[in-house]
Amino acid sequence: MKSNAAAIFADPTFAMACEQFRLIADYLQIDENQRHRLLLPKRALALTLPVRRDDGSIGVFPGYRVQHHLAMGPTKGGTRFHPSVTLGEIAALAMWMSWKCALTGLPYGGAKGGVTVDPRSLSARELETLSRRYMQELIPFVGPDTDVLGPDMGTNEQVMAWFMDTYSVHTGYAVPEIVTGKPVSIGGTSGRREATGRGVVYLIERAMNLLKMKPDQCNAVVQGFGNVGSVTALGLASKTGAKVIGISDHTVALHNAAGVDVHAAEAYVRTHGQLAGFTGGDVVSPQEFLELPCDVLVPAAVEGVITGENAGRLRCRILAEAANGPTTPEADQILFQRWEEIFVIPDILCNAGGVVVSYFEWVQGQQQFFWNEMEVTDKLFRILEQAFAAVIKRARDAKIPHRFAAMAIGVERVLAAKQARGLFP
Ligand code: NAD
């Protein structure tokens, strides 16, 4: 590929997303002239965000928003508040969103945003100030028909409500469609908070069904106990009857062969803000945790946790990638060799429930016509079913790994849209 533009985003996570793309572009024999145009984000905004702290000092936080491509409609993507956020990581996440939206047939390009901050280190007032300042700085670049924001790690319904309010105050009237994942009281949709985890559980059940595994005789290990991880663990335990034998967050990893009481764990985290101190399991190291023997392993936290180093030691039957980018390309090579042992549900399929229901929320907001939770969930499962079936068929027909199949479908659709529109001017 002939371009130095990628240097803007230099970062290990971006390099990982580029390598995944290169493999797919080679596989699809995409013309060299098309590759950079497909790969590199259309727009990227870097911000510095001053916030008056409670002690009177002024902290300045870096923030970003990346819009990957605009060929099929507005861009769409979450907002991450985390201390390790970089421009390159946000660009990688925006790229993955593009392939995910195309795979699930949504009329969006991918986007992502974030602020390099530990939200737990801020008071409630400081978090509100930072959230509003971030949205204020984005106003010239986003909009319901341009770029629609949503939640991701470290942000939640309340942050989305502040985004929506800040944008609406600027506009002079309520614009709920500027964000998804907002509270139902201001135009959010029923079922959005649970959507990602619910989708993960649905796809795990589909995989179990395909592999002729009995859900109520299976056990699962779930890394990350935030929005996605906790809803997934609760769904696995209460809906499928599977036993959750491991849960973890950034403070501790817990193992209980008899099954963790995930409802008690969820109540504990709601009160204490973290899992550390919860006594429902034995503490294990984060490394041991991922290598516990189990039927289903669900990474639902950060990127790059399954690596060339530990992929050979995973002892799960199904790897359900609820997080974005949990598996490095080196690990992928090992998992491909182990394809008969480990069934991978790749991230752009596995966690797509979140953006699918965000799309429903955006549609409902534009029409001012709201659906009940049953309609939302039913429509969600239909879309996931189509995407799952398409990925499995493509993988089987072409004898390629599931991630390859999922990405090939997504990349092909974006390429087709760009080719149909042509290159302006
Ligand atoms: P969250 O902030 O609600 O929760 C993150 C969880 O991960 C917390 O329990 C945190 O303690 C834990 N964690 C952080 N670092 C960890 C580490 N090193 N080891 C173990 N646990 C760690 O975030 P979320 O919304 O649940 O997002 C989790 C993942 O799912 C992210 O990769 C995100 O991009 C992806 N995702 C989220 C959504 C969504 O709708 N929220 C949609 C699609 C994908």
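1. Strand E6 (residues 219-223) runs parallel to strand E10 (residues 296-299), with four bridges between them; strands are DSSP runs (E, at least two residues), numbered from the N terminus, and two strands pair if DSSP finds at least two bridges between them. Gln 223 has Pro 299 of E10 as its bridge partner.

2. The model is predicted: local features need pLDDT of at least 70, side-chain atom pairs count only at pLDDT 80 or more, and totals for chains, interfaces and linings use all residues. Residues are numbered from 1 along each chain as its sequence is written, and side-chain values use heavy atoms, with hydrogens and water left out.

3. The open sheet comprises seven strands in the order E9-E8-E7-E6-E10-E11-E12, with mixed pairing. Strand E9 (282-284) and strand E12 (343-345) are the edge strands, each pairing on one side only.

4. Among the 22 residues around the ligand, those that come nearest are Asp 152, Thr 196, His 250, Ala 301 and Asn 324; a residue counts as near if one of its heavy atoms lies within 4 Å.

5. Ligand oxygen atoms lie 2.8 Å from a polar backbone atom of Ala 301, 3.1 Å from a polar backbone atom of Gly 226, and 2.8 Å from a side-chain N or O atom of Asn 324. Of the 830 Å² of accessible area that the ligand has on its own, the protein covers 85%, by the Shrake-Rupley method with a 1.4 Å probe.

Technical notes
A polar contact is a pair of N or O atoms within 3.5 Å; within protein, one must be able to donate a hydrogen and the other to accept it, and residues adjacent in sequence count only if both atoms are side-chain atoms.
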